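Have the sequence and the 3D view open as you read.

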Amino acid sequence: MKIAIGADHGGFDLKESLAQSLRLQGYVVVDCGTFSDRSVDYPEYGVAVGESVANGEADTGIAVCGSGIGIAMAANKVRGIRAATIHDVTTARLARAHNNANVACFGARIIGFETALDALKAWLETSFDVTSERHLRRVAQLDGL
């Protein structure tokens, strides 16, 4: 599986740690930047991750900023992207199973590395619940917006 990952300066350290962990697990990581902790604007990196997933360069994506909110808003501007801000294992599973999220967003100032790693593992292992008509209908509505 190929995973796009990107972050602003506030999420740089968490992005680097998550990317390293993913590589050790055998995932192919497409690093969309930023490449240091120098101040940058999160929309650029949220969109870069979103576009990488939307155009098929990556199967899924991870985006990190200070809160996980701004970068999710940016990624969601890309057609076909359903980015969710994830805080824990429960929100990770729900984002995938109910909303078919294809980009996981984390707030580096909100959660620590271990919590993010546990949530990311749950997110990657959870599938969209295709047996639920209501989830299918709602995701189709999202995609139609």
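What follows covers the ground rules, the fold and the nonpolar cores.

## Ground rules

This is a predicted model, where local features need pLDDT of at least 70 and side-chain atom pairs count only at pLDDT 80 or more, while totals for chains, interfaces and linings use all residues. Residues are numbered from 1 along each chain as its sequence is written, and side-chain values use heavy atoms, with hydrogens and water left out.

## Fold and overall shape

The protein chain has six helices and five strands (DSSP runs numbered from the N terminus: helices are H or I, at least four residues; strands are E, at least two).

The C-alpha trace spans about 45 × 30 × 25 Å along its principal axes. As for burial, 48% of the 145 residues count as buried, meaning under 20% relative accessible area with a 1.4 Å probe, protein chains only.

## The nonpolar cores

A nonpolar core here is a set of buried Ala, Val, Leu, Ile, Met, Phe, Trp, Tyr and Cys residues joined through side-chain atoms within 4.5 Å. The largest one has 25 residues, and Leu18, Ile62, Phe106, Leu120 and Trp123 have the most contacts inside it. Helix α5 (113-125) is among the elements supplying at least two residues, as are β1 (2-7) and α1 (12-24). The top contributor is α5, with seven residues.

Take Leu18: beyond its neighbours within four places in sequence, its contacts (heavy atoms within 4.5 Å) include Ile5, Ile62, Phe106 and Leu120. There's also a second, separate core of 18 residues, with Val49, Ala72, Ile81 and Val103 among them.

Note on methods: Buried < 20%, exposed > 50% of the residue type's maximum accessible area, 1.4 Å probe, protein only.
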